[in-house]
Amino acid sequence: MDLTLSNIILACHKSPNFDALLQLGVTLSNKFNAKLHVMLPDTESNTAVGNKLSNADHTLQTVHNLSYKDLIHTATEIDADLIIVSTNNKDSKDGLLTFADTVKLIDNLKKPILTIPSNCTITSFEKILIPIDTSYETRQKGPFTIGIGKRFNSLIQIIGVSGDKDKDSETTVNNYSRQVSNKINENGLNSTIEVRLGGNITDQTLAYAKEINPDLAVIMTEQEVNFKSFFTGKFSEQLVKQASFPILNISPIDLIVSDARL
């Protein structure tokens, strides 16, 4: 099961994790043999940034008042396979996009979007967290997660979650988690399963993440929509807002259905 990325967009600006963002962009570009399209506000210096990108096939563009609308336009124009963007979260406000604009980007651009909190310096994905819930579509995260995991030889840690504790929810979560785990193992990667039922699924996921310290979480933008967070907004939005680690947001339409059904 292979994941192909041909065009990657990295949108960021000068922030405490600026160099780490550039390094991550270069790493992903090289691992997937993809072209890296770096977008910066026009207040940044191209020369210094260009030197840091010299090891990757890249373009460098400065945009006046760079916004989420510019990212949507460019991603559509070049048919980007992945958009990496520096974002604000509850702990840091130094990101390129505010939380509100990050949500608009995710909602309006049906492409994989990797959000990096502006205080995060992760540059490799050795441990990947993947929440699996009771929705039929939840397993579609598996192929994309495996595709990334194979490039980094990642340990993929599954958390089976549901807002309910009933027998049907428990059975569904356990079955889906095992199916995803089996597919991960078939592709030569190691996986673990942790199941937590009842309560707020955002809190469940974040609590487990605090225990394992993942480098990345892979979620779907329409995950377990019938279960409302204790906060305002969907599970995916609240995880992006609260997580201190990168979140890869994918949509069901990003994946090949036959592979996604496992």
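Is N153 buried or exposed? At 62% relative accessibility, N153 counts as exposed, where exposed means over 50% relative accessible area, buried under 20% and partly exposed in between, computed with a 1.4 Å probe on protein chains only. This is a predicted model, in which local features need pLDDT of at least 70 and side-chain atom pairs count only at pLDDT 80 or more, while totals for chains, interfaces and linings use all residues. Residues are numbered from 1 along each chain as its sequence is written, and side-chain values use heavy atoms, with hydrogens and water left out.

N153 sits in the loop between α5 (141–152) and β7, helices (H or I, at least four residues) and strands (E, at least two) being DSSP runs numbered from the N terminus. The C-alpha atom of N153 is separated by 6.7 Å from that of E126, although the two residues are 27 residues apart along the chain.

Strand β7 (residues 155–162) runs parallel to strand β8 (residues 190–197), and 8 bridges join the two; strands are said to pair if DSSP finds at least two bridges between them. From β7 the chain crosses through helix α6 (residues 167–186) to β8 in a right-handed β-α-β crossover, a handedness assigned if, with the strands pointing away from the viewer, the path from the first strand over the helix to the second runs clockwise. Within this pairing, G160 stands opposite V195 in β8.

Another strand, β4 (residues 82–87), holds S86, which counts as buried because its relative accessibility is 0%. Leaving aside residues up to four places away in sequence, S86 touches A11, C12, L21, G95, L96, L97, I116 and S118, a contact meaning heavy atoms within 4.5 Å.

Side chains of opposite charge can pair when their charged atoms come close. Under the rule that a salt bridge is a side-chain nitrogen of Lys or Arg within 4 Å of a carboxyl oxygen of Asp or Glu, the count comes to 8 salt bridges. One of them joins the side chains of K52 and D19 at 2.7 Å, N to O, and this pair links distant parts of the chain, with K52 in helix α2 (residues 46–52) and D19 in helix α1 (residues 18–31), 33 residues apart. Both ends count as partly exposed, K52 at 41% relative accessibility and D19 at 45%.

The side chains of D91 and K90 also meet in a salt bridge, at 3.2 Å from N to O; D91 is partly exposed at 48%, and K90 is partly exposed at 47%. In the salt bridge between K104 and D101, the closest N and O atoms are 3.7 Å apart. Because K104 and D101 are 3 residues apart in helix α4 (residues 99–108), they are separated by about one helical turn. K104 is partly exposed at 37% relative accessibility, as is D101 at 21%. Elsewhere, salt bridges that share partners join E194, R196 and E211 into one network.

The second largest pocket has a volume of about 230 Å³. On a 1 Å grid over the protein atoms alone, a pocket is an open set of points where a 1.4 Å probe fits, with protein on both sides within 12 Å along at least five of seven lines, and lining residues have an atom within 4 Å of a point. Grid points are joined across faces, edges and corners, and a volume is the space filled by probe spheres set on the points. The second largest pocket is lined by 13 residues, of which L206, A209, K210, S244 and F245 lie nearest its centre, and helix α7 (residues 201–212) supplies the largest share of that lining, 4 residues.
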